[in-house]
Amino acid sequence: PNGSHNIPRGRNIGLNFSRSDLAAFLDSDDSATHDWARVIVKTFGERPALALIAGDLIPAYRTRTSQAIGLNDATVRQLTAKGVMQFSAGNCAINQRVLPGGVFDEEVQAAEDLELVSRVQRQFACSYIPEMKVYHRSRESFSQYAKQMYRYGFMKLYFGFCERSYRWIDFVPLFLMVLSVLASVAIGPWWIVLAIIPFSLIEALFVVAYHPCEPSIAMLIFPAWITKNIAWSVGVGHGILSLATNPETRRWLRAKRAGI
């Protein structure tokens, strides 16, 4: 029934076919801890007014590259994720007594989880439950990671536009890359465009200090940061260009912002 391979549509199909008052989601790169379902049932039993809950992601690895990527993402999540940004459809549960039927916006092709909780919390109670844990597997190659970060950067720009809420930290890599290119053109030395490299090295050293790991993993954290920063910046930049040059995109996002 989900021939379009639309992720929000697939989630709604599952909700509509569910025979339970409670419905929980795991993504394909996540697996539940042993007490995951118990925590969900207990939480909704004690707080029946809750409409939506989400929990913590425990990094899980199968390769050294995926561990390096996972340590990067875990550090960012632990230090910057608050409020809506803590919610992930890869570890969330919905109380269908409060939110019946398909609740995901099928027009939102990315960040459907952030869009959902942002919209739902305006009328209903939502909560982050740290005890609700799943194992989250990171991408296993830098090319996979680049595709993921491009998509995340792009969707964060759209989500920020809809919510009138931007985090300055999301624009730092793009700002640094653009500034270094402009400086190189204005001043002359070509190597200025490589400013993202020392910036990524500083981030990598911070991650190693924050999450001590064996040297073979630490060596991979640096190229993982370069991959993340460049791919993220391209995604954010593409989102900015799309907003600037496509009136239809702006009209669509303004309608979402207005709740239409």
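Reader: How do the axes of helix α5 and helix α8 cross?
Author: The axes of α5 (residues 142-163) and α8 (residues 215-245) come within 7 Å and cross at roughly 40°. That makes α5 oblique to α8. Angles under 35 degrees count as roughly parallel, over 145 as roughly antiparallel, 65 to 115 as roughly perpendicular, and the rest as oblique. Axes are lines fitted to C-alpha atoms, for helices over the stretch in contact, and angles run from 0 to 180 degrees between N-to-C directions.
Reader: Left-handed or right-handed crossing?
Author: α5 passes α8 in a right-handed crossing.
Reader: What is this model, and how are residues numbered?
Author: This is a predicted model: local features need pLDDT of at least 70, side-chain atom pairs count only at pLDDT 80 or more, and totals for chains, interfaces and linings use all residues. Residues are numbered from 1 along each chain as its sequence is written, and side-chain values use heavy atoms, with hydrogens and water left out.
Reader: New topic. Strand β4: how many of its residues are buried?
Author: Five of the five residues in β4 (residues 91-95) are buried. Buried means under 20% relative accessible area, exposed over 50%, partly exposed in between (1.4 Å probe, protein chains only).
Reader: Which residues sit on which side?
Author: N91, A93 and N95 are on one side of β4, C92 and I94 on the other.
Reader: Which strands do bridges join to β4?
Author: Strand β1 (residues 22-26) is joined to β4 by five bridges, running antiparallel. L26 stands opposite N91. Strand β3 (residues 50-60) is joined to β4 by three bridges, also antiparallel. There, L52 has I94 as its bridge partner.

Notes: Helices (H or I, at least four residues) and strands (E, at least two) are DSSP runs, numbered from the N terminus. A crossing is left-handed if the near helix is turned anticlockwise from the far one by less than a right angle, and right-handed if clockwise. Two strands pair if DSSP finds at least two bridges between them.
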